[in-house]
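Hi there,

Here is the structure I promised to pass on to you. Have a look at it first, and then read my notes below.

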Amino acid sequence: MTERALSATVRVPAKVNVFLAVRGRRPDGYHELVTILQTVGIHDRVRVRASPGLRARHPSHQRASVHFGHDGVTGVPDDHQNLCVMAAHHILADLGIDPVEAGDGVPRVDVRLDKDIPVAAGMAGGSADAAATLLAVNAVLDGGRNREHIQSLAADLGSDVPFCVSGGTALATGTGTATAQVLCRGTFHWVIGMSDEPLRTPAVYEAWDHETPPLEMQPDQVLQAVRTGDPELLGDSLHNDLQVAAFRLRPELADAVDAFLVDGALGSIVSGSGPTVVALAADAAHAHDLAARARERFDRVEVTTSPAGGPSLHRD
Ligand code: C5P
């Protein structure tokens, strides 16, 4: 019999939206989307540890308290506001374990988050952390939930969370939670320009509501570009309907996109709801060249590639 792991770490990548079309606002306030997401090589780590007695599907009544800690990165919400905590509670309940307050004799689930993905930056940082927590708790407690089941739990936590469970390249529709993997050949080279000042996603969608409805853009060219691994075609066809709303809230982002294009990027775009601005390069050397010129325009600049696979689980 194999010994059950008492702790596991999941390393989870950030995303960029290489295509994002907003089809309209729904009665519940959410927006209908057609988007193509791809993971990039900037990662968070979530480590989950459980008290030895705790086990999914145990015949006797089980309960546990969730304890959250992080590496002190500014802007990460604490405790009950944090998507890691919400994700831990959600999967514990699904595994038949009542999430309760801490107390004597109450088994613990400790969740530790180490961040490199910027907070509230349009790169699905919080969603990636939620996806990693679902996967790690399932592994540590021998939950036996398959990826499809975890994706359905993920959809309750946020629009990008189901994509973050699988990673790679995907087409997402509905509010973003219905995902299908998309064929992607080759590797794309990116420069990621980040700002320390976050942009709240709801504010960007609200700003979009006041814009003229866009033309119904289709993702065909982007799909062809990723299928054939063609950076020129992808650079030409990058598209984000939320960009105009992000520009309205943060006009300097328009200058950042323009500057990348003037410097010779194959394409440049706001990622998701921003404020991160990404630029596509022809190859690694071109990306480093663009990054060197961009450093003074951003708080942080990274050179990376896509797609960056999906979350990877390591049993400690
Ligand atoms: O789903 P998630 O929690 O990531 O979304 C954050 C916010 O972004 C939502 O509360 C909503 O205001 C907005 N949103 C939206 N339509 C979507 C996704 C997100 O209006 N499809």
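Among contacts in the protein (heavy atoms within 4.5 Å) between residues at least 6 apart in sequence, 76% join residues at least 24 apart. Please keep in mind that this is a predicted model, where local features need pLDDT of at least 70 and side-chain atom pairs count only at pLDDT 80 or more, while totals for chains, interfaces and linings use all residues. Residues are numbered from 1 along each chain as its sequence is written, and side-chain values use heavy atoms, with hydrogens and water left out.

On the overall form: a compact globule with 316 residues would have a radius of gyration near 20 Å, and the protein agrees because its own value is 20 Å (taken over C-alpha atoms; the rule is 2.2 Å times the number of residues to the power 0.38). The C-alpha trace spans about 65 × 45 × 35 Å along its principal axes. Of the 316 residues, 52% count as buried, meaning under 20% relative accessible area, with exposed over 50% and partly exposed in between (1.4 Å probe, protein chains only).

One residue I looked at is Arg147, found in helix α3, residues 147-155 (a helix is a DSSP run of H or I, at least four residues, numbered from the N terminus). Arg147 counts as partly exposed because its relative accessibility is 43%. Leaving aside neighbours within four places in sequence, Arg147 is in contact with Leu135, Val165, Ser166 and Pro311. With Val165, the side chain of Arg147 reaches the backbone oxygen at 2.9 Å.

Enjoy exploring!

Key
Helices (H or I, at least four residues) and strands (E, at least two) are DSSP runs, numbered from the N terminus. A polar contact is a pair of N or O atoms within 3.5 Å; within protein, one must be able to donate a hydrogen and the other to accept it, and residues adjacent in sequence count only if both atoms are side-chain atoms.
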